[in-house]
Structure formats: C-alpha cells, structure tokens
Amino acid sequence: MKNYQPYVVIIFFLVISASYILGFTPLIIGVAFLSVSCIAYAYYAKDKKAAKNGEWRVPESTLHMLGLLCGWPGALLAQYQFRHKTKKASFRLVFWIVVLINVAAFSWLHTPDGRKQLKVIALQAQNIAMQHSNSEAVISSVLLLTEFRDRWPNVH
C-alpha cells in the first residue's frame, strides 16, 4: 500500500484521543507524542536539506532517539513528505522496531499494571509541582496534563 503513512499517523492520534476521552490516559501522553513528533519532523526536514546541500547531517541515532521518545508519528510524516530515509533498509528496520516499542508501551498503559504505574507517576509529578513551584500557572498546567478523566470508575 503506497502512501499509507498519513493514515497510520491519523489513526494513531485518533487512538490516543480516544484513550484520553475514555479516561485511560492523561493529556500528557497526547501532548508528548504531538510535541516530540513536531521536533522529529523538524529534524528530518533539517537532515533532508543538509543531504541536498552536502552539509553536516543529523546523526541517524538522533533521528531514532526522537522516534523512540514518542516522535515516530512526526518522523513517519516527514519520511513521507520529504521522501527521506525511505530507502536504507537498516534505518527502516530500526525505525519500525522503534514504532513497535512505542505502540507496545502505549498499549501496556491500558493494562491494569500499566494504568496503575501511570497513575503513580502522574501523582508524583503533581506532588513535585506543588512542593517545588510557587507559580499557580505551573501547578495548574501540571495538574491539567496529568489528570485522569475517570469516566470508568470500575477500571483501575
């Protein structure tokens, strides 16, 4: 199937949105994927431009690390738009392993153990913000980003 990349990204972000709306994950999960995806997209664009101009290139390890840190949707869109990093088989293999790791981790967050761990981390982030910040804006932002929309009280 040719030109599948935008559909994969759209479906993934719809799944993240549904997860948030249904109360399985806090807003920070979607924000992390979206923001790091934008950064990854920019790095791919920079690397493509450098490749065309014979300039210093972005290391592949940097591109893979951005993908691993939730930026793979932006990386996939950049590969599609710029036709960049689409031929080298070893790069593509590592890229798709990174995608699978991300999808597996996101899926794990929907298990009872994953949800429990995510709630513990969210609570820790809230406590840190309240203990170490005097700014109402910072505290409010952390609370907003880490709050669970518990629409399913029996799901723990």
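This is a predicted model: local features need pLDDT of at least 70, side-chain atom pairs count only at pLDDT 80 or more; totals for chains, interfaces and linings use all residues.

A: Three helices each give at least two residues to the lining of the largest pocket: helix 2 (27-53), helix 3 (60-82) and helix 4 (89-108). Helix 4 has the largest share, with 4 residues. The space inside comes to about 170 Å³.

Now for the lining itself. The residues are Ile29, Ala32, Phe33, Leu68, Leu69, Cys70, Ile101, Asn102, Ala105, Phe106 and Leu109. Sorted by type, that gives 10 nonpolar, 1 polar and no charged residues.

Leu68, Leu69 and Cys70 are among the lining residues, and a kink of about 125° sits at glycine 71 in helix 3, shortly before proline 73. After helix 3 comes arginine 83, with a positive phi near 50°.

Next, pick up Phe33, another of the lining residues. Phenylalanine 33 has a relative accessible area of 4%, so it counts as buried, the cut-off being under 20%. Ring pairs join Phe33 with Phe12, Phe13, Trp72 and Phe106 in a cluster, and Phe106 also lines the pocket.

The count of aromatic pairs comes to 9. One of them is phenylalanine 12 with phenylalanine 13: the ring centres are 6.2 Å apart and the planes meet at 70°, which makes the pair edge-to-face because that label applies over 60 degrees. Phenylalanine 12 is buried at 8% relative accessibility, while phenylalanine 13 is partly exposed at 22%. Phenylalanine 12 also pairs with phenylalanine 33, again edge-to-face, with 5.0 Å from centre to centre and 70° between the planes. Here phenylalanine 12 belongs to helix 1 (residues 5-21) and phenylalanine 33 to helix 2, so this pair ties together parts 21 residues apart in sequence.

Technical notes
Residues are numbered from 1 along each chain as its sequence is written. Side-chain values use heavy atoms; hydrogens and water are left out. On a 1 Å grid over the protein atoms alone, a cavity is a set of points where a 1.4 Å probe fits but cannot get out, and a pocket is an open set with protein on both sides within 12 Å along at least five of seven lines; lining residues have an atom within 4 Å of a point. Grid points are joined across faces, edges and corners, and a volume is the space filled by probe spheres set on the points. Ala, Val, Leu, Ile, Met, Phe, Trp, Tyr, Cys and Pro count as nonpolar, Asp, Glu, Lys and Arg as charged, and the others, Gly among them, as polar. The bend at a residue is the angle between axes fitted to the seven residues ending there and the seven starting there. Rings of Phe, Tyr and Trp (its six-membered ring) pair if their centres lie within 6.5 Å; planes under 30 degrees apart count as stacked, over 60 as edge-to-face and the rest as tilted. Buried means under 20% relative accessible area, exposed over 50%, partly exposed in between (1.4 Å probe, protein chains only).
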